[in-house]
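Good morning, and thank you for coming. I would like to take you through a structure that is new to this group, chain by chain.

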Amino acid sequence: MKGFRKYLARKIGWYVITFVIALVLNFLLPRLIPGNPVARIASGAIEGLTDRSAIQAVIDEYKRLFGLDKPIHVQFIVYIKNLLRGDLGTSFNFYPRKVSEVIASAVGWTIALQLPAILVGWILGNLLGAIAGYVRGVFDKAILPLFLFISNIPAFGMAIMLLLIFGVYLGILPTSGGYGFDLIPSLTPEFIMSVIEHYQLPFWSIVLIMIGGQAIGMRSMSIYELNSDYVKYSRFLGIKDRIIVKYVFRNAVLPQITGLILSLGTMVGGALVAETIFSYPGLGTRMLSAITGQDYPLISGCTLIITIGVLLANLVLEILYGLLDPRIRAVQED
Amino acid sequence: MGKTILKVKDLRTKYVTRYKESVYAVDGVSLELEEGKSLGIAGESGCGKSTLALSLMGYYFTPLHYISGTIEIDGKIVTDMKPDDVRKNILGTEIAYIPQAAMNALNPTQKIINFIEDVVRAHYPKKSKKDIYDLACERFESLNLSREILGKYPVELSGGMKQRTVIAISTILSPKVLIADEPTSALDVSSQKVVIKMLKNLMEREIVKSMIFITHELPLLYNVTDDIMVMYAGQIVEKGTAEEVVFDPLHPYSKALMNSMIVPEAGMKDVKLTPIPGVPPSLKNPPPGCRFAERCKHASSTCKTEKIPEVYTEDGRMYRCLLTRDQLKGGKE
Amino acid sequence: MHLIREIFKSQNFVIGFVIFTIIFLSTIILPFFLKGDPLEIVGGLFYKPGTYINVSDTIEAKKYELKIDTLSNKISSLITQKDQDLMREWLVKYCNTVSEEEVKVAQHPMELVELWLKHYDPNIKMEGTTIAYRKSLSRLHQKIEKIFSDEGYVIAEKNSETGELAIVQELANNSYVHMSEIPNKRTFILGTDNFGRDVFTELISAIWNSIKIGFVAGSVATLIGLVVGLLAGYVGGMVDDILTFITNLLTVIPSFIILILISVSLGGKGNDIMTTALVIGITAWPWTARSVRAQTLSLKNRDHVNLSKLSGHSLVRIIIRDILPYVASYVTMAYILQVASAILAEAQLSMLGLGPRTTEIATLGLMLRWAIQFQAPLSGAWWAFIPVILSIALITFSLNLMNTGLDQVFNPQLRQN
């Protein structure tokens, strides 16, 4: 296992560095805002005031509050210090609530939605793709073009369509929110049922998109593997097809995992926009309202959390891949 | 004359391309292989020799299709057997195949020993892991392969090692007939020597009883096999002992083949190389007459239209031509 | 040139190419036929697709009498399901002159109405019903009676001085007008959006803008990716390490996050199309860089390259003359994919409000944003977003098809059975 430990160490090291850089980017980019953001923000409080010194006092107060009166490297140190304490700043729009508090309530919803959705979609998609690759025939003529088209519909597109069909036309599923508007979050069966109901549309939008994309890829991969030399050789040695199929799918799944690693960022992005369609109380909706309201600390906080999430998920997947592909361990050992 | 271990009569098979066209790659091949003897099959790329190798196994699946003919291995008529029967009792145990380019023949994500377990268990499902491991160790070491290879993945082995591992795996159940499809083509010269030595070793120790060695390098066969068959456009055009075919080829094609190759021997310095003009006919629509007629110096109009029979000489050789032996000998370039 | 012929033999490529070209040409040609500013407000909130005819024109136009039964059409459209349910309920519950069976049998609205007219009696006692209920019954009855009466309507004009109404025309139930004699009519193929704009013309304009963004962003991304990939692959060493590091970094950090951060930092208002395209391009290049680098690496040690090196050619010359042509096929494929993903990225950005933020331009993403903001799905105004989604899907689909086709031509081993 020595090779694996090396692999693990390298991967973790790499992700730590990436995280640090993401942190810096997250801090730096929004602060490159041209013009004076403070005036914009404080405009609400300034309205009605005509006395110049009073206006200036308000602006100065806001500046101080949001730490914008110090030079940028000092700001960065303050930023890091606060980060280590779990303080992501104070939200402009939800003033005086802290960003971490505003996000905390949303993160749970997003993870509860996206993690299972992406997983289920990936598994189902690859399963379907594998079957399609093996069986061919009807699948190829009828279902393939359909899936091909579906995989080109963006996540939010699928979300809107499902909303229309099931929420409006058929009226069987709720169209917004995470739970009924009249309910208070509690562990009652009623509440739980409502949550599950509201969960359906966002969940299935993400799942369907993933299935579309994965199925196509897995099918190609399966066909490619099924035509490879080792399959032919194994057959001519008398090994049963049933066992050969196991080889093939094991080998075909590996690039699919790699594909997931590379596309996870994009997937999450699409899923977040899908969340906004349903006003699902997750990070997506939070971020949308933050952007609309120009709530920079909140935007910054959201992007940071999302980045951490994606990096973590990627790391987990990379470790998983290292465990599944024996070649990784073997190659590392020299 | 020893026991005939492999008898093939008028075998015809085809493979179907992705564009649904049929390529009649093996179009009436007959051969007899005796126990303890080795047979070389030589021909240019595209003549159908690789398809022939696979066809001889008796196991057909898309895109390879059986048309007609019989294959008999050690008395068992394989072409009459059900596919699952062939898979269980013939493949690997009676006849085995070594693929070209062994680098890709091994599953990249499987340890060698695990693959061997699958191979053995496909025929002897009850064998225990330990027995299989012992068998593998013993066999590998007797073929000068370290037992450490068993615990490795293909990516950890060099090209030559992979080829030799594949040979060891193909013969692990001691099949009677071994078919080696261009086993040396993808290797450097020193590895080639090792592989040939290994194959000869297998025969000497009677791990396999007979061998068919397929290559496009005709001269190579002189040092390796007892007899040689020359294949052209899906048919066998000449048969004889290695000595006879290499030094006294009868068929115009065999002659041309020998003339177009460099054989490192004394007196070669002054010999001019002459490549064979033209290209082989397409096997999707084989011509009715002699398939070599387009490129043959002796060709006449009858050659192109009449079906050319196999001509057997008194000294046990065969060639496929309308001309007599003397006529062929006469026309030297 | 033989290569181009090969490409056009590929089924996938041709289909994709045809679809994309149709869409692309439509956006260029159609505007000449569709007069009017795509962003001009012509209607109201989410008007249905169809033809709208000016009502006063119909009154002034020549009338034709058609002997067609207007009754059943009127009944079918004016008697709602609610009305039918009301009638059925009353007939079964309170009416004692008709059996439940008869009511069940009367499936068609016409039959139900006839039954109603036969048996409705406002004087029958209805125990426990509200006044509102009884009033709704009598309103319904009046409506039905009006439909059955042969009386038409009268048109009256108001005298501007006295305020009196004077009858100028009588409209019979069976008078019709001819469409071509109506001067003022407007057909909305796809209805109107939330602002009251013609969705169809807007869509054409939006597709054009989105494709523009796609091309620009794609070019930027491919260019940067090409340069980075070539340098990293060919020069190797430290340069490669640094460039690869940056590339991997930007691959793992979700590009949409960076997109959001940059867009936000550019200020909330007034990103124009070019800026959006540039930003998307700047965040999308890593993927191309990877692919180009891999290709370059494999080409680095080819004989013709070594020959050039020995001949003392400069770095730039070697890269351009010896490596670039071989990388060209990958670059073309990468470009197509970049265009597709840029169009998607723009849509995503705009949906979040970070795209071109003007009400003077329409893009596919913006149209979707407006549709969502103004609750188009909930209003059932499918025309405001379904065509947009389909357009996005079709465009990316056709681009992907072209790419698959090219892939099969350039990499024959990928051709599948």
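A residue is called buried here if 20 or more other C-beta atoms lie within 10 Å of its own C-beta atom. By that criterion, buried residues make up 38% of the 417 residues in chain C. Please keep in mind throughout that this is a predicted model.

Chain C has 17 helices and 6 strands. Its radius of gyration is 33 Å, well over the 22 Å that the globule rule gives for 417 residues, so chain C is more spread out than a compact globule. The C-alpha trace of chain C spans about 110 × 55 × 45 Å along its principal axes. As for its contacts with a separation of 6 or more, 75% are between residues 24 or more positions apart.

Now to one helix of that chain. Just after H15(C), C:Gln375 has a positive phi of about 60°.

Another positive phi in chain C belongs to C:Phe46, a residue other than glycine, with a value near 50°. C:Phe46 is placed in the loop between helix H2 (11-33) and strand E1 (50-53) of chain C. This phenylalanine counts as buried, because it has 22 C-beta neighbours inside 10 Å.

I turn next to the contact between chains C and A. Chain C contributes 36 residues and chain A contributes 44 residues. On the side of chain C, the elements giving two or more residues are helix H10 (237-252), helix H11 (255-265), H14, H16 and H17. Which of these gives the largest share? That is H11(C), with 9 residues. By class, the side of chain C that touches chain A consists of 25 nonpolar residues and 11 polar residues, with no charged residue.

Chain A itself can be described briefly. Its secondary structure comes to 13 helices and 0 strands. Of its 334 residues, 42% count as buried. In chain A, residues 24 or more positions apart account for 75% of the contacts with a separation of 6 or more.

Chain B brings us to a sheet. Its 8 strands form an open sheet with mixed pairing, in the order E6-E7-E8-E3-E9-E10-E12-E11. Strands E6 (95-98) and E11 (311-312) of chain B stand at the edges; each has a single partner strand, so one side of each is left without a neighbour in the sheet. Inside this order, strand E7 (residues 177-181) and strand E8 (residues 210-215) of chain B run parallel and are joined by 5 bridges. Within that pairing, B:Ala180 has B:Phe213 in E8(B) as its bridge partner.

Helix H5 (residues 159-170) of chain B touches E6 and E7, and its direction makes about 170° with that of E6(B). Helix H9 (residues 252-259) of chain B touches strand E9 (227-232) and strand E10 (235-241), and its direction makes about 100° with that of E9(B).

B:Glu182 lies in the loop between E7 and helix H6 (189-204) of chain B. Its phi is near 45°, a positive value in a residue other than glycine. Is B:Glu182 buried or exposed? B:Glu182 is buried, because 20 other C-beta atoms lie within 10 Å.

My last item is a pair of helices in chain B. Helix H3 (residues 112-123) and helix H4 (residues 129-142) of chain B pack with their axes 10 Å apart, at an angle of about 110°. H3(B) and H4(B) are therefore roughly perpendicular to each other. The contact involves B:Ile113, B:Ile116, B:Glu117 and B:Val120 of H3(B), and B:Lys129, B:Ile132, B:Tyr133 and B:Ala136 of H4(B). By class, this contact has 6 nonpolar residues, no polar residues and 2 charged residues.

Thank you for your attention.

Key. Residues numbered from 1 in each chain as written. Chains lettered and ligands numbered in written order. Predicted model: local features only at pLDDT ≥ 70, side-chain atom pairs only at ≥ 80, totals over all residues. Pairing = 2+ DSSP bridges. Helix = DSSP H or I, 4+ residues; strand = E, 2+ residues; numbered from the N terminus. Contact = placed C-beta atoms within 7 Å. Axes fitted to C-alpha atoms, helices over the stretch in contact; angles between N-to-C directions. Buried ≥ 20, exposed ≤ 12 C-beta atoms within 10 Å, placed from the backbone. Nonpolar A, V, L, I, M, F, W, Y, C, P; charged D, E, K, R; others polar. Parallel < 35°, antiparallel > 145°, perpendicular 65-115°, else oblique. Rg over C-alpha atoms; globule rule 2.2 N^0.38 Å.
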